[in-house]
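Take a moment with the view below before reading on.

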Amino acid sequence: MTANAFIAFQKNEESRAIVEAIVEDNPGAIVVEQPAMVKVDVPGRLVIRRATVEDKIGRSFDLQELQIHLITISGHLDETDDEFSLSWLS
Amino acid sequence: MTVAALAPYEFASRDRLENFHGKQLVYVWWEKHRMFSRPFVVALTPATPFRRLFEDYISTYAWHPDWPHIVWDQVIWQNGDEVFTPDFDASLAQNGIGHKDLIRFSTPGLDGIAGTGY
Amino acid sequence: MDMKVDKKLGLKERYALMTRDLAWETTYQPMDKVFPQVTYEGIKIHDWNAWEDPFRLTMDAYWKYQAEKERKLYAILDAFNQNNGHLSVTDARYINVLKLFLGSTPPLELMAARGFTNVGRHMVGAGPRVACLMQAVDEYRHFQTQVHSISNYNKYYNGMNEFAHQQSRMWYLSDGKSFFDDAITAGPFEFMVAIGFAFEYVLTNILFVPFISGAAYNGDMAAMTVGFSAQSDEARHMTLGLECIKFMLEQDPDNLPIVQRWIDKWTWRGTRKLASVGMMMDYMLPKRIMSFKEAWEMYFEQNGAALFNDLARYGVKVPKCFVQTVAEKEHVTHQSWIGFYMKPDSTPFHTWIPEKDELDWLSEKYPNTFDKYYRPVLEHFDAQEKSGNRFNNKTAPMNCQVCISTIKFNDPDDPMKTLIRSKTYKGEKFHFCSLHCEEIFDAEPEKYIQAYISSHQVLQGNCAPEGVDTTAPDFEPGAHIAAYWRLDKAATGDFNGSEDQANFAAWRRQATSN
């Protein structure tokens with residue numbers, strides 16, 4: 001069984017767009033809403049693409065802006081200008 | 001094993017006997033009566049009669065509804081894992097109770113509130 | 001001087017220029033003299049440049065985003081206070097979770113800040129040094145925002161004003177203090193495993209995520225914003241911890257047994273520390289979001305299993321304590337609440353027996369244990385309190401020599417029995433709450449024989465306020481303890497009948513009527 005990589009954000013207008021982008025780019029994403037926060041699980045690898053977030057949010061977006069809304073992550077992280085990914089190798 | 005360190009690492013125990021000014025620590029626990037959460041500790045001189053430990057301290061367990069039902073000659077006393085029979089009129093030292101010893105007692109048939117161990 | 005960085009540079013280049021390039025090889029003194037602490041723990045490092053922060057966060061970007069977080073945080077705090085936000089929480093009992101949480105956490109954040117400042121000084125590579133610097137500043141920020149939060153609630157409620165004094169003196173704060181004292185007195189690599197990996201990665205999710213979400217659920221916008229603002233830094237901290245583990249394991253195969261021992265030790269120490277956090281979730285939040293058991297399953301068992309399966313390629317095994325923690329998740333929060341409930345004179349927050357619907361919730365969430373072991377005794381306490389015989393255990397506790405928890409956890413094989421392990425070292429007896437704590441002691445007995453156990457200090461005569469003669473023949477060691485702790489009497493006792501309860505009800509009436 002592939003373990004889930006996950007990410008959680010504080011609930012706000014920006015994270016709403018980010019979560020929409022994740023759902024679009026990650027088939028199998030499971031979104032769990034909890035009070036004041038939202039958690040997204042994806043089996044194996046979760047990716048956030050800058051281009052998709054920009055499309056949803058309607059402005060240019062620097063992936064490092066995720067820092068402001070992040071609550072927690074699970075998985076090995078890799079971040080470039082265009083992609084932020086979390087993955088389990090096994 | 002020893003502590004990995006850049007310099008010699010030797011310290012005295014913080015709770016060694018001499019720090020208690022002539023007294024020693026004794027811990028007490030009533031088995032399967034966990035509403036008291038954890039054993040308690042008192043500091044007494046080694047010459048203190050066991051009866052005083054019982055009357056002044058162990059008797060605080062009387063808040064438990066099982067207390068009046070204890071048949072005292074059936075109580076099993078232990079010092080750590082060793083079963084012993086305390087002589088109530090002898091001192092802690094004469095009863096073989098040393099610094100930081102744990103005195104536990106079990107009351108057969110009494111297993112706490114509704115048999116829960118509490 | 002304003003540093004201009006070419007905006008066209010990519011993240012990787014920017015990270016290389018703004019981080020890696022800031023380091024240099026020393027020439028006036030040899031590197032091993034400048035960095036004396038990185039070898040004595042036995043960890044072998046061959047190439048410090050192999051460590052890279054996967055966030056690739058540079059200091060300039062760090063300040064920018066942290067400033068943004070602070071602006072948001074304080075805007076929310078101001079709005080909360082201007083709107084009398086403290087009266088919008090679900091129930092006045094809720095305030096007590098803040099007293100416990102905010103009363104115990106800020107000094108630990110400060111210790112984390114000190115620890116990361118130290119480790120940032122001693123790590124050789126620029127990657128870990130910069131990441132440790134950021135984390136040190138983060139921890140100071142958490143300390144500061146939590147103290148500001150205390151200040152807001154302290155205007156209205158009892159028991160919050162002496163948290164700093166109480167930190168190194170009070171019985172129930174000794175376990176957290178011991179946790180950080182142990183970590184900060186270890187070498188830099190063990191500190192990173194302790195705080196960066198075991199605490200931040202494996203356990204902090206349980207500490208912060210469901211608990212802070214629970215604060216929001218209970219209408220406490222202030223604690224929510226402070227908590228989530230702090231948590232927004234934790235993803236970076238978790239990443240630093242995991243990178244450190246991978247770095248050590250990739251650098252030399254000889255590092256594995258040392259790292260494994262630290263993972264075993266610190267996962268267990270963190271687990272013990274979390275028992276009281278779980279208790280806050282199960283007993284102190286009037287509106288409950290999930291049980292501690294559910295949080296443990298989601299964040300520790302599932303997430304932890306994914307992590308350890310992944311690390312298996314380095315030879316790392318699941319922490320030794322894993323099986324015991326799974327068995328204990330059904331018990332520890334109930335045992336912790338009973339431990340606090342029975343000491344009404346000894347905490348600066350109130351305790352109570354949950355209402356019937358809350359007991360029903362616990363029965364439902366803990367079907368294997370709650371009705372069988374805990375509900376009858378809580379109902380007994382409740383009946384006694386209602387007949388004027390509120391439980392008050394006036395005795396002093398026995399503590400574990402290693403984790404400094406009171407010895408209150410059950411034998412894994414028999415929930416009716418308390419587990420107490422004992423051994424003699426250099427002629428003196430020592431006692432432990434678990435096999436895991438005993439093994440931690442065995443590895444470094446010289447460290448743990450120095451443990452500060454509050455009740456023993458009282459009995460040594462070390463806990464009297466200034467002006468009391470502890471050598472006088474009639475000196476009673478326990479008589480001055482409340483004054484020594486600076487414990488406000490109004491803050492103690494059962495919630496029912498407390499000043500907080502009466503004030504909250506009166507203020508809420510004022511807020512909702514003319």
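Across the interface of chain C and chain A, 15 residue pairs are in polar contact, both residues being at pLDDT 80 or more; a polar contact is a pair of N or O atoms within 3.5 Å, where within protein one must be able to donate a hydrogen and the other to accept it, and residues adjacent in sequence count only if both atoms are side-chain atoms. The side of chain C that touches chain A takes its largest share, eleven residues, from H9(C). That side divides into 21 nonpolar, nine polar and ten charged residues, with Gly counted among the polar ones.

This is a predicted model, in which local features need pLDDT of at least 70, side-chain atom pairs count only at pLDDT 80 or more, and totals for chains, interfaces and linings use all residues. Residues are numbered from 1 along each chain as its sequence is written, chains are lettered from A and ligands numbered from 1 in the order in which they are written, and side-chain values use heavy atoms, leaving out hydrogens and water.

The same interface in brief:

| Feature of chain C with chain A | Value |
|---|---|
| Residues in contact (heavy atoms within 4.5 Å) | 40 of chain C, 31 of chain A |
| Buried area (accessible area lost, 1.4 Å probe, summed over both) | about 3000 Å², 59% on carbon and sulfur atoms |
| Salt bridges (Lys or Arg side-chain nitrogen within 4 Å of an Asp or Glu carboxyl oxygen) | one |

Asp78(A) and Arg56(C) form a salt bridge, their closest N and O atoms lying 3.3 Å apart.

Now to the sheet. Its six strands run E4(B)-E3(B)-E5(B)-E1(B)-E2(B)-E1(C), open and with mixed pairing; strands (E, at least two residues) and helices (H or I, at least four) are DSSP runs numbered from the N terminus, and two strands pair if DSSP finds at least two bridges between them. At the edges are E4 (82-84) of chain B and E1 (396-397) of chain C, each pairing on one side only.

Definitions and conventions. Buried area = accessible area lost by both parts, 1.4 Å probe.
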